[in-house]
Every structure is written in structure tokens, then in C-alpha cells.
Amino acid sequence: MVSSQARLAVFGVALHALLIYAMFDVHFLTPLVHGMEPTTADFAAPASRLVVIVADGLRADRLFELEDAPGDDPDAPRVPRAPFLHGVAESRGRWGISHARPPTESRPGHVALLAGFYEDPSAITKGWQANAVEFDHLLNQSSAAWALGAPSVVPLFAKGIEHVRHRMYAEELEDFAASNDHAALDEWVFDRTIEILDGRSLSAEDEANGRSRDTERAALEGERVVFLLHLLGLDSAGHAHKPFGDAYAQNVKTVDDGVRRLVDAFERRFDQTPRDGGTTFLFTADHGMSSRGAHGDGDPGCTETPFVAWGAGIPAAADAAADDACAPRGKDAPTPRDAWGLEDKERCDVDQADVASLGASVLGMPPPTHNAGSLPVSYLDPAMPSARSGAALANAEQLLAVYRRKAAVAARASLTAFATPGGLRPYAPLAGANETLAAAKHARVEGDHDAAVDAAQALARACVDGTTYLHLYDRRLLLWTIASCFLGWIGVLLAELATEGRETKRQVCRVIHTRATAIAVGVSCAACAVLASRRAPATYYAYFTLPAWFARRAFLAFASAAPKRHATPRSRGKKAAELVATAAAAMALARTLCAAFHDRRVFSGLFAATAAALVAFAARAMTAKKRRGDAVARAAAVSALAAAAGAGALAPFTLFSVDLEANTALVVAGVACTALVGLLSHFALRPLDVFGDDPEDAGAGAAGGARRPGYKLLVAQLSLLWCAGLVVWVVDGLQGAKASIPAWLHASAWAIATGAMPLPLLSPPRFVPRFTSVYLAAATAYALFSVSYESLFYAALGFASLAWLVLERNVQKLAAADALAAGDPAPASAKPTANEVVFAASSEIRVADASVARHAATFLALINAAFFGTGNIASVASFEISSVYRFTTRFNPFLMGALLMLKVLVPMITVAVAFLCLLKLRAIPPFPAYLVFIALSDLMSVTFFFEVTTEGSWQDIGMSISRYALMGTQVVTILVFLGLADAYAAALPVRGVVARRAGKAVDGKKTR
Ligand SMILES: [Zn+2]
């Protein structure tokens, strides 16, 4: 029996590891395909070279806006903050907003700008640093390129490509600049670029590659030359001083002036070059910055970056006709009227990935191979109609090649396509793609360039949508397959529970067994054959075969279990109704807790509702007609009110902020509340002998408190608790005075915490004193971790757990009394005695009844509340180290991390001890309760699995992964909690009544 339980637990752990991994198979597939046919471009290049200037972290509004003129004259007209670029937008070039997509980070932003696709979320599986995938980009396609800037960005586009020269400042300069002058980084980049243009700069690496001044001059004067200038200054200025600070505004001016100098240098350098095709400049940013000085999410401050283009091939604002392609895209906020001074200059927005195809077009190249952006034609000069239509066609052809390649791969590999009659269903709007393309080419040959551009652009948009359609082609199938793995597993757990302890029908068993196995084998073989033919990844074999085996196991468990003895149709009907109600309640709870993972305030609502329900229960118990004034009913009502008070006390905590601000008074108040609960438990609760396991207490009254076993231990524990409070008070006082903390204080914190934890093992092995002792010991350690309201929360959590235990006991008594009153035959051992009602519970362990589900559900809610009561997933990860100052002030990430983990664990262990006490009280073996708990957790896991997202900021993506992984690993972590808690609960006897008989003998020997 034990070994079958162990097998199930080990299998559960392995299964959850697989299902956590499944997230990557379903959600984090790379959208990139390889092996496209290369496309070509047949139009004359409008420019010889392209200069892409990326001002890292520049918000659109901070570049374009006007500011007060220098000087004291209040009536002077406002002037542009960036006069050069503003002037370009007004007359010699075009401007707009480039819309970045979350995650608004440097790397994805640069990839979108230079390679034309939004970086693939599958990068998450391959680390953030190295190039996750090989991709084609503008520098790669050039004949010669120079990349200058920060060491965090430049290597992405320069490393390993022979014709790309790079210049990076040392990371030390970055650190230095971060503390002093951020704009120095930008000046460095402009100065180095101008040196290159003047032929004054050869790096050691250039010389090693056999480059000389002559070769460099030839390279500079060639065609298809790309410069990438990465300016980090604004990003670090924004992080350090917020984008609305002066440092940021000053840095904008530096950048603007640097661009002016740069443009002058280019003009100087190439004006004299014979037959030069000219230079195109694109100025933009990889992402913006929120007003808090951060980026990453979809805040408009982060997604709206400036875009200014001018030079060869770009029309001048002055002679640009109103252009349909510039029509707003829905997400564009209107141009501020007076603040920017640009409202009469046509604004033309782009998506960030569109920039790559524009860059390729001005050099007469097809877009990068993996490009997913569509060409913003309004940035190409209408005076060069052939280049315009040629570029639009090259863009459409390249996007169509991506779609075609993806469709070919999907037709071979897609499982959904296999299951669909007729195979892969192509994207319908692309059915006539060949004809559209031919017509557009024909129009171009005929000289109808506008018609060619329109047709090509429509085709390009359809290709982008079609590629997304194909990328998601199998997702639904996979989602539901993984979901059926979860549901099948839950089914196995339920079957295990429902048939636990029932005899098996050996005869029926063998026949059914063979048939069920045959079906499962058949289904698995068929699935494997299909998967092999589609060359599916190895993990797919598990996903697609497991549900059949789960179904087999659940079915066999039910089919081979003998029906319960004494079961009548009526009792079975009642049982079924009970099961349905339990299942519905479990679903509702899982939904609620899922919501609480997103917003911890849901716990407040949950606890408030629980308190209200308990008050209603108390009122009903007191007013029930059949035994008004009955002692049992009164006890149940009073304990329900106490539990309501516990739930009510827990409710407010999840409304408080998770940014814990140091408040010693709150910590000490928490210590006082904990001590009060400990005293109440000893002097008020124990004399009642609610659990019937503490005969020495019964009738002794509050006055007998000092004579009761465990009294001395209580005094010792309360003293330790107050010592902990004192240490907190002294350490916080010293820190407030900026004094150093003497080593002996840290040593005493360690001594108090480690000394407190084993003490509960010395407490009398009975429910109330043992739980109270654990509660006080954990409170002692927890107080040392508390910086604010945590210790108060812990006091409330322990009180609620204790009230939960007492309530369950009284409810048990109430049910037993009802059963007796109804005349149900009670087992002989449970005859009511003079001063108590004993249980009608039969010797049969009714594991599948609603009460186990109720206990497991309450435990799940409480243990998650213990986690979310003082923080959330982000706050745990954010490493708030002030919590560990009572133990150490020397920075040591491992020790500090371990201490923070302990802080999270302590309240959870207290709840786990309460849960184990309850199981003992109801004589429920822990394993079935564990299974119910896992089934409930997995209902939540399925929900989180569907919620895993690949869109939004890295934080959104990371949080969705954390939620899923956290629930998925609960199958293991809960075993750890229960194992630790069992060290305290092991000595408790099963069921109070049994303990009472056995206990007398034990007590006789003990002298405590
Ligand atoms: Zn950046």
C-alpha cells in the first residue's frame, strides 16, 4: 500500500515537471522559419549609405516639444528643445512616431529596427544575452558597416560578421558616465564616427583584419554602406533622473547637437566624392521611458518613440503631398497642438519593425529575410516612383516568401493539419497571392506605380497576418492536449480517493483490465505513429499518450471496486449530489484563488465572505428549534464566531501595500497580539477540553493554569518571544540612529530563532497545547524577520488556524449529536457519556466525503493567504533585504536569500501544522488529503497554463510563467511543508477520544 502511494507521488512529481516544461512547447515556439528562398530587388538605390541613429530610451514628446526660450523674457516665443531635428521634421525630412511593442527593452527594440521582426519570446528559453537565433539584418546585408555604441547592443549586429567594423566604449566608461555625465557616452559615439569619416581612425582590430586607410576609404565610398550609432546616454539619464528631469532634457540637447555635427561631417566628407548617391539618415529610439524612469511595459511613454528621416530618397516635408499611407493607425495619440509646434507638418507614424524595410529600400536591397514589417512608402520620395513601387514589391515578395515557407513547414509538421480533412488550410486572403503579385508587377512595368504600390502593400499586410495565423495553427490543439493531461491526472486522483479502502472484484477485474489496456495501447500506438510521421518533438509523445493511460487507470479503479456495503440507491443519490456540490465548490474556489494570484485583495473579499458565512452559521446553530440552548449547539456557535473573528482579522492585510515600510511599533504590537493569543489558549481554551484529549484540564478552570502541564514551557516561550521583540526594537533603534549593529545582537537573534524552533517538541502531545506551542515558536522567529505589519498578520493567521481547529471539532460534535438524535445506530464505542457527546463516526474512513475536500480547500486557501498576506510573487523576487537586518548586515546574497525563503516558509508551516492536527482529529490519513490538495492545485495550474502569455513586457511574461510554475511545483513543495509540520504533529494521537484512553497510560509515566 505504502509503495503504491509512493509510486503515485513520484509519478506526480515527474508529471508536473513535464507539464511545466510543456509551457515552452506550447507558448514559446520561435516564430522564425529558416530556408526561405532569397528574394531580390530590382530598383535603383536612392542612396549610397544609410545612417541609423538610435537614441536609447528617448521618448517622442521629450524630443519634439518646445521649451521656454533661454533668458528672462517671459514673452519670448517658445523654442524647440532639439532645434536641429525639429528643423528637419519641419522642412527637409519627414517625421512621425515609431510605435515600439512591449517588451520595450533595448535588445528587442534594436532587433525590430534593424532586422524587422519583433524578437521572439522563445529567447526566454535560451537566456537573454547571446543571440538566440541567427537572423538577417541591415548590417549583415551591407557591403561595409560601422557599428558604434554600448557593449550591450553593438555586438548583436557586429559579432562574427567580417565586413562590420565596431567601436565600443569600455563598460567602465558606462559606469563612470552613469555617476557623472550621461551625455559623455553620446559624445564619444559622435566623435568616433566623425574620426572614421575623416579617415583618422583605425582600430587594432581593423589592422589585424588587414585594413588600411586606403581600404577603409574605398569601403566608405562604396554602395550599400550602413552606419549604426547607438546612443546610451538618454537611457541612463532617464533611469537615474527620470525623463522629466533636467539631466534628460540636457542630454536631448547634446544628442541633437551631436546629430547636427554628424550630418555636417557626412556632407563635408561626401560632397567632393564623384558620382555619390547621397546619405539617408534615420533617427529613432529603441524604446521610450515611463515617467517613473523605467521601461519594459506597454506604457505609451515607453512605446511612443520619435522617428525622423531625411536625406537621399526621403521627401522633404515642404513638398510632401497629403498621403493616405500616413493615415493614423488607431493607436496614435493626436499631435499636441502647441506643445510641439509641428501640427501643420504632416506626421507619418510607423511600427518599429517597418523601419528595417525602409532602411533596406533606400539602399536598393530587399528587406532582411525574417522581416515582418511593411514598408512605410510615404517615407520614399514620390519623385522616384520606380524606386517606390520596386521597394513595395520587394517588401511584398519577401513577406510572401516567409508565409510560403512557413506554410510548407506547417503542412509537413502540423498536427492540426493532419487531423483536418484536406490537410493544412492556407490563409484565405492569400488564395490569389500569385495573381495579385503578377498584377502589381504588370502595373509597375506599365508605369502605373501608384496602383503597383497599393496592390503590393495590401498583399504585404495579408502576408503578415497569414504568417501569424500559421504560427498559432497548432496552439489550440496543444493547449487542449495539455489540459487533458491535467484533467486526466485529476481524474486519476479522484478515482484513487473514491475507491480507497474498497475491495476489488477480482473476477471482473481481469477481463476489463485486458480490454482497457488494449484500448490504451492502441490509442498510444496510433498517436505515436502520427507523431513520428510529423517528426514531432519527443515531449509530444508524452502529451498525446498520457491522457489515454489516465483514462484507463481511472476507469479501472472505478470498475474494479466493489460497491460499498449497505449502499442503498437513496444514499448513493445523496452521495452523488454531495460530490457534484463539492466539485462545483472546488471549481469556484480555484477560480477565486487564481484571481487572488493576480490581485491579492481578492483574499480580503474571500475572508470577509467567510466571516459573514460563519456568523450566519452561528446564528442558525443557536436558533435551530430542535435544540435551542443545547450546550453542543452553543459551543459550535461560539467557535464559529471565533473563527469569524479570525477570518475578519485576516481580511485587511491583503489590502495593505507590499512595499513594507519599516515600523517597529507594528512589529512589537504583533508580538503582543501573539502573546495574547498564547495566553488565551492556555487559560481560556484549555480548561474547556474541546478535543477531549486533555483530562487534566477539564474542570480545572482558569485558576488551574499554573498547574497545567506545559505551563513552564509557555512561560519560556513567551519570554523568548519578548526577547525577539526586544532585539527588533534595539536593532531598529540602532539603524535609525545610523549606528553599526554589534555582533552580539546578531548572535542573539540567531540564538533566539534557533532556540525557539525545537521547543514545541517538549509541549504536551495534545491538540491545543501542541499547536499553541508551534504557533509561539514560529512567531518568535517570524518577529525577527518582520519589518512592518507582518507579525500582526502572523498573529491573526495563527488565531484563525486555531479557531478553525476548534470549529471543526465542534461541528463534528454537532453532526454526531444530530445523528444520535435522528436515531442512527452509533457504534458501540461511541455511546454518549455523561459529560460529552462522542462521535457517531463509524470505523470506516470516509475519505471521499465532502469534509476532506473542505479541509484540503481551507488549507489551500490559508497556505496561499500565508504567502500573499505580506507580499506577492514580485515582492518575493524583488529581494527586500531589510527583512534580514536582525540576522546580518553584511551583504551575502546566498545567506540573505535563504533567510528570505525562511521568512516566507514560517507562516506556511504553522498553517500546515494546523492542517495535520485537523487530519488527526478526523482520523483522515494524510495521503488522500494530499491528493485532494493536489487535485485542487492542478485545477489552478490549468487556469494558469492557459494564461501564460508571450506578449507584453518581460515582467508580464515572467509573472505569467512564475504563476504557472509556482502552482506546478506545489506538488513537491507541499510535501516538504507537510514533512516539516509532521515533525511537530507526529506525537499527536489520532482522534481525541482514542487519545484519551491511551493518553492516561502515557500521562501516568510523564511527570511534566
Ligand atoms: Zn534601451
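**Close-up views of a predicted model**

The largest cavity has a volume of about 110 Å³. The model is a predicted one, in which local features need pLDDT of at least 70 and side-chain atom pairs count only at pLDDT 80 or more, while totals for chains, interfaces and linings use all residues. Residues are numbered from 1 along each chain as its sequence is written, and side-chain values use heavy atoms, with hydrogens and water left out.

View A. The search of the whole structure finds 4 cavities of 30 Å³ or more. A cavity is a set of points, on a 1 Å grid over the protein atoms alone, where a 1.4 Å probe fits but cannot get out; lining residues have an atom within 4 Å of a point. Grid points are joined across faces, edges and corners, and a volume is the space filled by probe spheres set on the points. The lining of the largest cavity has 14 residues, and R686, G710, L714, P769 and T772 are the closest to its centre. At least two lining residues come from each of α26, α27 (711-736) and α29. With 5 residues, α29 gives the most to this lining. Helices (H or I, at least four residues) and strands (E, at least two) are DSSP runs, numbered from the N terminus.

View B. Rings of Phe, Tyr and Trp (its six-membered ring) pair if their centres lie within 6.5 Å; planes under 30 degrees apart count as stacked, over 60 as edge-to-face and the rest as tilted. By this rule the model holds 42 aromatic pairs. One of them, F656 with Y789, is edge-to-face, at 5.2 Å centre to centre and 70° between the planes. This pair links distant parts of the chain, 133 residues apart: F656 is in the loop between α25 (631-650) and α26 (664-685), and Y789 is in the loop between α29 (767-785) and α30 (790-821). F656 is partly exposed at 37% relative accessible area, whereas Y789 is buried at 6%. Buried means under 20% relative accessible area, exposed over 50%, and partly exposed in between (1.4 Å probe, protein chains only). F785 and F887 form a tilted pair, with 5.0 Å centre to centre and 40° between the planes. Here too distant parts of the chain are linked, F785 in helix α29 and F887 in the loop between α32 (873-877) and α33 (893-921), 102 residues apart. Both F785 and F887 are buried.

**View C. Ring cluster and charges over rings.** F84, W146, F227, F266, F270, F281 and W310 are linked into a cluster by ring pairs. Over the ring of F270 sits the charged end of R49, 3.4 Å from the ring centre. A charge sits over a ring if NZ of Lys or CZ of Arg is within 6 Å of the ring centre and within 35 degrees of the ring normal. R101 lies over the face of Y118, at 3.7 Å from the ring centre.

View D. The peptide bond from P102 to P103 is cis, with omega near 0°. P103 is placed in the loop between β4 (93-99) and α4 (106-115). R224, a residue other than glycine, has a positive phi near 55°. R224 is in the loop between α10 (213-220) and β7 (225-231), and is partly exposed at 35% relative accessibility. The phi of R535 is also positive, near 50°. R535 lies in the loop between α21 (506-533) and α22 (538-560), and is exposed, with a relative accessible area of 76%.

View E. Helix α36 (residues 970-985) has 16 residues and reaches 21 Å from its first C-alpha to its last, close to the 22 Å expected at 1.5 Å a residue. The expected span is 1.5 Å times one less than the number of residues. Q970, V971, I974, F977, L978, A981, Y984 and A985 are buried in α36. These residues are on the same side of α36 because they cover an arc of only 120° around the axis, where the arc is that of the directions from the helix axis to the C-beta atoms. L978 and P926 are 52 residues apart in sequence and 9.0 Å apart in space, C-alpha to C-alpha. P926 is found in helix α34 (residues 926-947) and is partly exposed, at 48% relative accessible area.

Key. On a 1 Å grid over the protein atoms alone, a cavity is a set of points where a 1.4 Å probe fits but cannot get out, and a pocket is an open set with protein on both sides within 12 Å along at least five of seven lines; lining residues have an atom within 4 Å of a point.
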